[in-house]
Amino acid sequence: MVIGGGIAGIQAALDLVDSGFDVEIIDREASLGGLISKLDIMFPTHNCRFCTINPEFVKRARYENLTIHVNAEIKEVEGSFGNFSVTVEKSWNFCDEKRCNNCGKCVDFCLNEIPNGNFALLKEKHLPFFKYTFRCRPIPNHFHFDPEICLTCKKCQEICDLNALDFSREKETIEIDAAAIVISTGLPMLDASNLKSYNMGKFPNIITGLELERILSPLGPTKGKLKRPHDSVFPKRIAWLLCVGSRDRRSGNNYCSRICCEYSMKEVLMVNDRFPEIECSIFYMDLRISEKNYVQYLKQVKESSNIRLISGKVSFIEEDPMSKNLYLYYEDRTTNKSLISEFDLVVLATGHEATARSLELANILNIELDQNGFYSFDPLKPTETNIPGVYTCGSFTMPRTISECIVSANAVAGCISNRLSFLKVPSQQVVVHGELSGSKNEERIGIFICNCNGQISDNVKMDDVIKSVSNCNDVKFTSNDFNACENADISRIKEIIKLNGLNRVVFGACQPTIYEKQIKQEIVKTGLNPDLVEIVNIRENCCLTHGNDLNLATRTTIDQILIALSRITDVIPNSTITLSCIKSVLIIGGGLAGLVVARELASQGIDLYVVEKEGELGGMLKKINLLIEGPDPQIFLKSLKKSVNSWDNVHVFLNSELKCVEGHVGNFRVELVQNDKCLNFRVGAIVIATGAREYKPTSLKTPETPLIISQFELERKIKNDEKIGNDLIMLTHPEDLHLNYRRFSKISVIQALKNAIFLKNINQDKEIVVLTRNIDLFGTYEKYYEKAREMGINFIRLRENGYPDISTLNDRVKIKFRDESGEEKTLFSDLLVLSSGLMENGNEKLARILNVPLDDDFFFKLRDSKLHPVETVVPGIFACGTATGARLVYETILEALAVSSKISILLKNDVVQFRKNFAEIDPDTCIGCGSCAEICPIGAISLIHLSRQLGEILLEMRISEVDPVKCLGCGTCVPRCPVGAIKQKNLSREQVYIMEDILLKGEKNN
């Protein structure tokens, strides 16, 4: 059972379904999605991220082993691990989701006069029946009823042809048996109206960040036009106030909400990009970036001339009664002056807040929460609670970002899958009935254009589009009365395909990456080959791009559909590639991440090969003597190594190095070298867990002296009880962040806090000063910052630009610097400790062997840092822990558990099947120059030697060969070939020329 249907709960359910379990989701809201369903766009692509996971969930929702309960709450839990009995109370929504087909008649005939989209209300619902007005689709996808604003006339019930409305039912109680329970209830946003100093609700031109997302949305109350709530005037000066209700004792939320800085930077850049004339100001205490991908956001913010970063917290806000402008009273820490600034609009960056519902659920389950309403998890067992069989993921333990929620959900699914493997049921596969490909002489094309709930139909002249494409050759059906992401409409489309005998289909919709897989898997049930279904992204490419020009958006839409028609007439359907799957795994790295993966997979009977370049397992964890949360990591490491070594199916190779990897997902051939001896074996998947190493600052000039050490060296001194001295200075972020945006260190401040607190506990008389540019903690780790200050540890903020001057004098360290206000200061200490974080572990060679790209910091690059945070771009190769960037111990364990879950799902079948488009080489034309192999980004092309007999002459020659499994179909190799021997299947030069002609003709008409 999964309690909570937000992004973490959905991902946990998806993984558990894929692992073969019966899953029940319980959510108290009318539909799943949680907070993420209310967001308009997501970092870093600015696409609706929930839309990506939504179709996958909808697809699995058809399986018999997944049941969704909305408007439901847990009332009682009895039993124990393997045999829980849960009492669930379901509130009747008055709209039967099994009967409702989203026709909308209930809304059209509703007598309630509350306007839909009232700007002053800024809510998701304004009628008794409502649907989400953001880009994602609700699950279950039907109209929801709000009894609070109903006039009880029951006109809607009379007009409903399907009898989907029933006002006589209220609540029902059901009993559900579960072997394990997952808590993923998430966190709501803080209600800023309770913070009196900000006057939220009193002054109309103060809004929250979530409300700004709504305003900027094309489906929002202003259709994406930026206006003030009070008078709909375009604001020329906007202020964002960070940490509203977070890190605040007055509100009771004495923790960092983690997301406020990041989503605020996203919004600021959105506004700056779309409205460059607006002056944007950000008031902050610290700019906290918990994910390295947001460093680029921070760089853009700092380099923009229209954005001001003001180090200081706003104390209170007043309003001009005439203009309704807002006056902010604040202290600028860089000048130590109290100032007043005027703004047209103020955005409060509110964060998460634990609610009474969390405490209520914890009491039902006997879960222990801390003073802030979070579960204080064990960092060495981050998915488990104090109750066996009850697991947590998402933000129940602390505020988390989307990618962290997904990693924790993957991890929980992996733990449950491993411990309850005996309960798995055979996974259900979608049945493909046939693959009719048609022929060029009998093409019958259907064109379906989504209205996308107004995002397309309101921005394009639909009648003109239909008229233009209906007259094209072989087009037998056209319509724009559909939403291709809705099950009811897909069912109608399938019936139309059968009725009209269509053998080629073009969809005008949103991004193909969002719903393509789901749509094609449904369309093939009609007998149509999925390669004969083309999806055109007219929402982003046409409607949103040219939203201010109806004619241009319409013309571009017509061109895009005509291009799709030209492509689909010449498509050659791909065949299905079936690969055998070897049930063994290579783990590169024997540190914490690699050992956790090995422990989890070993019990499942999978053969494991652990390759470690050092002479001992343990990696960087061997250097860590204590965690800031308290547990001894060395005891855990000893137990972990013992567990791994106890399995006969785990083969450990110390002092070893990878030499060569060939093959593909399900069947990689591996060659390694151990003590000058070569070993070969085959595996079905590979895990990169190479770890990281301590970063040595290159820009900071320090003298060569034992008085300047790193945090890891300090830990060694503490362990060996060496002399440290009474006066210590710790320097976090030694390098100037203004000059080095790429260097992201998640652990430097936590390292300093951990060791400083430990030393203070040993000797209260020690004088410890922490010099820092930014206190970049996150979540509940804020409490350690408070604890350090209470213990007398002194924190001094450095000026962002420039470096401190470090020298030695009389066996002491002298450090001269400028603080945040610019005042020059000089300190002396017995020891200077540099807290500089981590760097990559020499990954270039391994990256070439595996053909896995690296990021800007030379860590291994992930397929998608948000939704696929442990997968690389190469199928079957996963990465976890500090191989992908700086991580805390509990985060490394979570990622390792997530990887084990992904591999368990991958290797559960004997074969791997997929369809793909790949490059093809004409062997008679190829001259074997190797240019294509050189340019291929993932090494999918190789040179092979051939012998050909021409009469009495035997010719030795070489030609290029494409590995269809590795090939991504990117087409990079095609223009590189000097003789035109390479063709991209279904994207030939002739097809490209036709598409170019259509575009040029459209440009001429425009």
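Visitor: On what basis are the residues numbered and the values computed?

Guide: Residues are numbered from 1 along each chain as its sequence is written, and side-chain values use heavy atoms, with hydrogens and water left out. In this predicted model, local features need pLDDT of at least 70 and side-chain atom pairs count only at pLDDT 80 or more, whereas totals for chains, interfaces and linings use all residues.

Visitor: At what angle do helices H10 and H14 pack?

Guide: Helices are DSSP runs (H or I, at least four residues), numbered from the N terminus. Axes are lines fitted to C-alpha atoms over the stretch in contact, and angles run from 0 to 180 degrees between N-to-C directions. Here H10 (residues 462-470) and H14 (residues 550-569) pack at about 30°, with axes 10 Å apart.

Visitor: Which residues of H10 and H14 meet?

Guide: Contact means heavy atoms within 4.5 Å. Asp464, Val465, Ser468 and Val469 in H10 meet Thr554, Thr557, Ile558, Ile561 and Leu562 in H14.

Visitor: How many salt bridges does the structure hold?

Guide: A salt bridge is a side-chain nitrogen of Lys or Arg within 4 Å of a carboxyl oxygen of Asp or Glu. The structure holds 42. One of them joins lysine 754 and glutamate 715 (2.5 Å, N to O). Lysine 754 lies in helix H18 (residues 748-762) and glutamate 715 in helix H17 (residues 711-719), 39 residues apart.

Visitor: Are lysine 754 and glutamate 715 buried or exposed?

Guide: Buried means under 20% relative accessible area, exposed over 50%, and partly exposed in between (1.4 Å probe, protein chains only). Lysine 754 and glutamate 715 are both buried.

Methods: Helices (H or I, at least four residues) and strands (E, at least two) are DSSP runs, numbered from the N terminus.
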